[in-house]
Amino acid sequence: NSDSGKDSSSSKSSSGEASGKITAVGSTALQPLVEKAAANFQKENSKVNITVQGGGSGTGLSQVQDKSVTIGNSDIFAEEKDGIDSKKLVDHKVAVVGMAPVINKDVNVKNLTMDQVKQIFTGKITNWKDVGGKDEEITVVNRAEGSGTRATFEAAVLKGEKAVKSQEQDSNGTVQKIVESTPGAISYLAFSYINNKIQAVSIDDVKPTDENVESGKWKIWSYEHMYTNGKADGATAKFLDYMNSKDVQDSLVKDMGYISIHNMKVQKDSKGTVSSK
Amino acid sequence: MDDIQKKLQTKSKATFQDYFGKGICYLCIGLIILLVTCILYFIASKGLATFTKNHVRVLDFLTKTNWNPGAIDAKGHPDIGALPMIVTSFSVTLLAAIIATPFALGVAIFMAEFSSKRGTKILQPVIELLVGIPSVVYGFIGLSVIVPFIRNVFGGTGFGILSGTLVLFVMILPTITSLSVDSLKSVPMYYRQASLALGATRWQTIYKVVLRSAIPGILTAIIFGMARAFGEALAVQMVIGNATLMPKNLISPASTLTSKLTTDIGNTVMGTLPNNALWSLALILLLMSLILNMLVKFIGKRGRF
Amino acid sequence: MNAKKIDHLATGVIYTLVISVIVILIAILGYILFNGVPDISWHFLTSAAQSFSAGGGIRDQLFNSLYLLILTIIVSLPIGLGAGIYLSEYAPNNWTTELIRTSVEVLSSLPSVVVGLFGYLLFVIKLNLGFSILSGAIALTFFNLPLLTRNIEESLRGVPDLQREAGMSLGLSSWKTTTKIVLPAALPGILTGLILSAGRIFGEAAALIYTAGQSAPTVDYTNWNIFSTTSFLNPMRPAETLAVHIWKVNTESVTPDAHLISSASSAVLIIVILIFNLGARFLGNKLYNKITASK
Amino acid sequence: MKEYNLTDSYITDITEKKALSTDNLQVYYGDNHAIFDANLNFPRYKITALIGASGCGKSTFLRCLNRMNDKVARVDGEIMYRNTDINSSKINVYEVRKHIGMVFQRPNPFAKSIKENIIFALKNAGINQKDELEERLEQSLKSAALWDEVKDNLNKSALALSGGQQQRLCIARSIAMKPDILLLDEPASALDPISTSKIEETLQTLKKDYSIIIVTHNLQQASRISDYTAFLHLGHIIEYNSTVNVFTHPKMRPTEDYVSGNFG
Amino acid sequence: MKEYNLTDSYITDITEKKALSTDNLQVYYGDNHAIFDANLNFPRYKITALIGASGCGKSTFLRCLNRMNDKVARVDGEIMYRNTDINSSKINVYEVRKHIGMVFQRPNPFAKSIKENIIFALKNAGINQKDELEERLEQSLKSAALWDEVKDNLNKSALALSGGQQQRLCIARSIAMKPDILLLDEPASALDPISTSKIEETLQTLKKDYSIIIVTHNLQQASRISDYTAFLHLGHIIEYNSTVNVFTHPKMRPTEDYVSGNFG
Ligand SMILES: Nc1ncnc2c1ncn2[C@@H]1O[C@H](COP(=O)(O)OP(=O)(O)OP(=O)(O)O)[C@@H](O)[C@H]1O
Ligand SMILES: Nc1ncnc2c1ncn2[C@@H]1O[C@H](COP(=O)(O)OP(=O)(O)OP(=O)(O)O)[C@@H](O)[C@H]1O
Ligand SMILES: [Mg+2]
Ligand SMILES: [Mg+2]
Ligand SMILES: O=P([O-])([O-])[O-]
């Protein structure tokens, strides 16, 4: 199926000015980036009309699968999502996002081992004093089940074990706020949401930095994907090319707090296997 | 046959005006019925798919306490129990109504009976203003004021039923108040006069005459307030903690039907079990609001002399 | 205790309740305004929002909110009027009418997320309206209608039958009587309902996230051609409203000044609702006085 | 209450031209049979009074005559007006009401200006020339003896008038439509004696051009102003005769008791 | 309306024992001065009628007498009852109203049973013995001439009574409190003549034990039942005299015009 979705009445000519209507829906994390890129893109391609919306990765994937939208934005591989037939979808990786455990500042812990993180999130360790902090109960704050951040974090950290039942929040902003204000709280956030009011934790003495992600030392990261149903063409293809161009990767992607896809020295497949590029 | 006689027997402009007006009104109400039917059908079909397509047992859904749509339990059934959410929804709703009612009634009595025109003039718009504050804003005030307050006073994380209750209390206060005012005002003036002229005090008049006859209206107001509390999502979601656990006490994180629904819906794929299960929660909400409405009707009937 | 003492006591209790409610109200409004008003500036009101950098404004969101409000009222008021008139003037007193009333009221207590998702699947996807102001307005109509209908019905019922009899006995059709006699007399009540629902529309976020969308593409405020995609009047463009903006800024935004934007936007929202409230009341009274020739 | 035989009645024959007549009129409120076999002829350019104890059906009967009971009650039988049965479902009720006007017990002016109150219905009836409207406005207010009191304030709200003035405005509003017949349901019972006598005077002058049927529970009023009187009891027309006869030589026992105050 | 001199008045001296008197009573609705310098003495165990055109201030004046105008209007001056100025702010108004009962123009029974209607206020006033309640119930209904009609249906809703019965119930409700004085504001104006005459009879018997002040716009009624009559005009008491004198030898010009129907 090579049609790029019914919303896109894109012109077939691949040269010259593209025209058409593109709707990109899905991941809220990716939305601002694509929105900004789309605005810049439309300045040069005034005949292209791009609508960018959130709704969550699940929404993005299922809508692009139904061809209701042109592009489905997702934080996770289509293969990871139940109910999505990934064979029909074409993946376009547009950025990399690193994630780190974050804790409330008063806990005063700066480093954990991968195993400790795992035990905390599976509910086996429940007090900070067991990992070198003060005597305070651990409050685990999870992202909502099915969120890309949670899927990535659990794949990298829990390795198949089940997370403890605890608080869940459906957005990064709320998690940030709760960790900031709740004593003893721990959660995880994409690098872009980490600020100086919360404590990002090193794992096995590796600091959560862009360089460590790029080199593969930091294990918790994922791609930001833009899926099309079938091969992209016309304006959609042109826009996706633009997303991958230096223009976007070296400026917007960085501004957003993401890592450029070009800088990665390792790559990950949908099963989570990491290999060097 | 004279002119008038003929006129009597033929349709006139007024007749057509009436056809026209009737047509419009039927059209409008028809449209509303269509909308309602659509949305009911939509939710019912989605919500029932959990049971028909995914073969979750209704009884399990309503009585089990483990919500785990991704997994399958020992017997091979999907592991979906909504009881924690149902219990939490009921708890916050009832508690919020219990707290809000005395305040709302106090204000309503003040506005309807104490006849201080100026007080009413100020209170009325302020109460209307409260209705317009977005849920998110209530949620954030809850998150930054109520949650820390509860944490400091009662311990725990501060997230839980109590915080949810307090936020909802403020949110349903205007609803209950303004509907109660309406119902108090509809008690005929002469009841009050009659009672006062008999030497009853103002409070005796309010309590034994006015409130008595306004009771059906006030109950309706409370139930509408409860319906609003039951369906409120964004604000509750921020302060209740969203843990699909059976609430053990008022200050442990819990999850209401709506908060679960809003938290997860964007992260699931249409047509899959996790998504259908969420729609089943919506179906419960719908049924609840139906039951609450029936209750209103019932009270209304009983209340009439 | 004698009756007079109880009277004093009850009065005291009621005053205590009223004062505590007033304190709560003032605390909430004060909290929002105190946190927000200092950050409101002309620049804030008139510049576009920023995704990653500080200093963004709410120009488009504010306009979208107002535009959506107006569109929603345009869509829902006539329907609400028609349905309200039906229920108060035409509906027979039987179980079908009760059923209609019940279903309308059930609609009013549906969580707005559900309405939003329904609107998303039906209008945005099925009817191909896309993420647009129009989809948003229709979704908002869904939960605006029940309240509005109920309110209009009750206001109409409040007008004494004497007025209807007067109209009918002059040979007026019941439609004319209703629209020209009863409706004007019911205007103040209808207005209050309208203001209340306008407040709700203005503050609604959940139903709009999936219908009117969460992005505010830059529009051209000089383009009055409502069919043009860049026109600010085009109802087919996506439109993030102020309430949605507050939601988004709080939940997903990476802008450094998210907190500031959120509190200032909340304050703006409340101020706009207040202005709307007072304005509608003022205009309504004017209109009422004009129609009824009272002063 | 005394038991009377309700099947006996005395109905006089009207020799004058008839304005309206009812033939075997029955009214039911659900199961409640409110009017039984009413056969009455109302003479033209006369005032006919309907009297009877509270709840006997005076208002019910009156309201049938211009179909105000549509949707409220079931009305069987014929009401003949200009050789047409206006109780038939084929009849255009709006036209009926233009020709048979009605004034109610409690004054019910519209919440509009005095002027608007009068010309509103006229405009709706298709009268649009300014002259005609002005003329009818003045004429009807004069007929209702209200002109002098309001002529300088025609744009004032009708609700600002006193009760008696409001009632006369309602009469003016009715007659501005130039009806044939005017029905009045206790038009003066909410008014003070001054206003009442003004209204009575008005009716006396109106009767030159209109046939008037008036319900009243004030026997003095009935005897003062009406030419014919019908006495109703429990939904039955017990006696119908010239007013003088009804009050001085009642033919039926219940009537006699009622007018002499020994009733019930 | 004719212009009369409003400062002249004729107020007769009451030689009998007084039930109530007003001294320089003034009433203001905001800026609107509604009652001017009312100085009236109401004799004990007599019926005093207040008459006058609509809006002259009859109701306003009456409502002052048991402080029903509190919060509605500003009332200056003294109202002496048992040598106490009951218009003073120190007075317990609830007690005042127990001794000075009131019945309104439109019957206003509570939506409760007949029995409940009567004992409601009694219970509020702290009377709880069953015997006493039953006794007062029967006594008051008998005084109001309603006992025979309702004694088998005391638990029926009061709203199911006819208008006249409702009004008598309201009178019974008032006198169950054993007041000294009974104020009635046009108690019969909404009723048919039968009910009206029942009420008038009731008042005649009540006057043995109560001092009664009644507002009426029915001059016949005033002359039939009252001993004294006060005529009000535009807020002024123009004439106060024995009823016979007021109706047959009015001292003042406005009174004369009013009672002879030449007023206004
Ligand atoms: N809308 C109605 N529905 C049911 N019953 C009614 C209705 N209107 C009147 N009735 C009944 O019909 C009977 C006649 O009532 P109607 O109002 O005609 O009496 P009336 O002679 O006008 O009395 P009144 O002097 O009190 O106005 C009464 O028994 C009354 O209860
Ligand atoms: N609540 C009120 N507020 C302001 N003005 C009032 C109020 N009640 C009465 N008035 C005014 O006071 C004056 C006297 O009114 P009142 O009701 O005492 O007259 P009335 O003699 O009882 O007339 P009616 O025979 O129509 O009952 C009138 O001018 C009236 O408009
Ligand atoms: Mg009647
Ligand atoms: Mg009065
Ligand atoms: O990026 P999220 O899917 O975790 O919101």
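User: How far apart are the end C-alpha atoms of residues 209–230 of chain B, and how much of that span is helix?
Analyst: The end C-alpha atoms of that span lie 32 Å apart, and residues 209–230 are 100% helix and 0% strand. Helices (H or I, at least four residues) and strands (E, at least two) are DSSP runs, numbered from the N terminus. The model is predicted: local features need pLDDT of at least 70, side-chain atom pairs need 80 or more, and totals for chains, interfaces and linings use all residues. Residues are numbered from 1 along each chain as written, chains are lettered from A and ligands numbered from 1 in written order, and side-chain values use heavy atoms without hydrogens or water.

User: What does UniProt call that stretch of chain B?
Analyst: The unreviewed UniProt entry lists residues 209–230 of chain B as one of its spans for "transmembrane region". The other spans in that entry are 20–44, 92–114, 126–150, 156–176 and 277–296. Such annotations may be inferred rather than shown by experiment.

User: And residues 277–296, what do they look like?
Analyst: Residues 277–296 of chain B are also 100% helix and 0% strand, with end C-alpha atoms 29 Å apart.

User: Which two chains share the most contacts?
Analyst: Chains B and C do, out of the eight pairs of chains in contact. Contact here means heavy atoms within 4.5 Å.

User: Which chains does chain A not touch?
Analyst: Among them are chain D, whose nearest C-alpha atom is 51 Å from one of chain A, and chain E, for which the corresponding distance is 53 Å.

User: How many residues of chain E are in contact with chain B?
Analyst: In chain E, 25 residues are in contact with 17 residues of chain B. The two chains bury about 1900 Å² between them, 63% of it on carbon and sulfur atoms. In chain E, the residues that lose the most area to chain B are E:Y94, E:F110 and E:N124, which together account for 27% of what that side buries. Buried area is the accessible area (1.4 Å probe) that two parts lose on being put together, summed over both.

User: Changing topic: which residues surround ligand 2?
Analyst: Ligand 2 has E:Y29, E:A53, E:S54, E:G55, E:C56, E:G57, E:K58, E:S59, E:T60, E:V72 and E:E186 around it. A residue belongs there if one of its heavy atoms lies within 4 Å. Helix α1 (residues 58–65) of chain E gives the most to this shell, with three residues.

User: Which annotation covers residues 20–259 of chain D?
Analyst: An unreviewed UniProt entry annotates them as "domain: ABC transporter". Over that range the chain is 38% helix and 27% strand, and the end C-alpha atoms are 26 Å apart.

User: Finally, what surrounds ligand 5?
Analyst: Ligand 5 is surrounded by A:T28, A:A29, A:S57, A:D75, A:R143, A:S147, A:G148 and A:T149. Oxygen atoms of ligand 5 are 2.9 Å from a side-chain N or O atom of A:R143, 3.1 Å from a polar side-chain atom of A:S147 and 2.6 Å from one of A:T149. Ligand 5 exposes 200 Å² when taken alone, and the protein buries 97% of that.

Methods
A polar contact is a pair of N or O atoms within 3.5 Å; within protein, one must be able to donate a hydrogen and the other to accept it, and residues adjacent in sequence count only if both atoms are side-chain atoms. Accessible areas come from the Shrake-Rupley method with a 1.4 Å probe; for residues, only the protein chains shown count as cover.
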